[in-house]
Amino acid sequence: MIREPAELQIDDDGRVSLPLGLLAEAGLDAGGRILAFSDGDGRIVLQREADAFKALLQEGTL
């Protein structure tokens, strides 16, 4: 897997824009639905909504 880092900035409203290349690398499409949750220690996880629900049903966790 190619990991291309992107330096991002949080705006005054707490928003972050993700580059399309980063989304594509992660298999996410513009307009797609995702869940976001904190994984502690400065880490935020973004996951496709469908994948998160699937994991929740199969494994009982996100």
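**Salt bridges and a nonpolar patch in a predicted model**

The side chains of R15 and D11 meet in a salt bridge, with 3.2 Å from N to O. The model that shows this pair is a predicted one. R15 counts as exposed because its relative accessibility is 51%, and the cut-off for that class is over 50%. D11, with a relative accessible area of 32%, is partly exposed. Side chains of opposite charge can pair when their charged atoms come close.

How many salt bridges does the structure hold? There are four. One of them joins D51 to R48, and here the closest N and O atoms are 2.6 Å apart. Both partners fall in the intermediate class of accessibility: D51 is partly exposed at 31%, and R48 is partly exposed at 34%. Elsewhere, D11, D13 and R15 belong to one network, joined by salt bridges that share partners.

Another salt bridge is formed by R33 and E49, whose closest N and O atoms are 3.3 Å apart. This pair links distant parts of the chain, since R33 lies in the loop between α1 and β1 (34-40) while E49 belongs to helix α2 (residues 49-59), 16 residues apart. R33 counts as exposed, because its relative accessibility of 60% is over the 50% cut-off.

The elements that these pairs refer to can now be set in order. The protein chain has two helices and two strands, and from the N terminus on they run α-β-β-α. Along its principal axes, the C-alpha trace spans about 35 × 25 × 25 Å. Of the 62 residues in the protein chain, 8% are buried. Among contacts between residues at least 6 apart in sequence, 5% join residues at least 24 apart.

The surface comes next. The protein chain exposes about 5,500 Å², and carbon and sulfur atoms supply 51% of that area.

Which residues make the nonpolar surface patch of about 590 Å²? They are L8, I10, V16, L18, I34, I44 and L46. L18 has its place in the segment before α1 (20-25). With a relative accessible area of 30%, L18 is partly exposed, because buried residues must be under 20% and exposed ones over 50%.

L46 is found in strand β2 (residues 43-48). Is L46 buried, partly exposed or exposed? At 37% relative accessibility, L46 counts as partly exposed. Leaving aside residues up to four places away in sequence, L46 touches L18, I34, L35 and A36. L18 and I34 are listed with L46 in the nonpolar patch. The C-alpha atoms of L46 and E25 are 13 Å apart in space, and these two residues are 21 apart in sequence.

Notes
Residues numbered from 1 in each chain as written. Predicted model: local features only at pLDDT ≥ 70, side-chain atom pairs only at ≥ 80, totals over all residues. Heavy atoms only, no water. Helix = DSSP H or I, 4+ residues; strand = E, 2+ residues; numbered from the N terminus. Buried < 20%, exposed > 50% of the residue type's maximum accessible area, 1.4 Å probe, protein only. Contact = heavy atoms within 4.5 Å. Areas by Shrake-Rupley, 256 points an atom, 1.4 Å probe, with all protein chains shown as cover. Patch = residues over 30% accessible without salt bridge, like charges linked within 9 Å, V, L, I, M, F, W, Y side chains within 5 Å.
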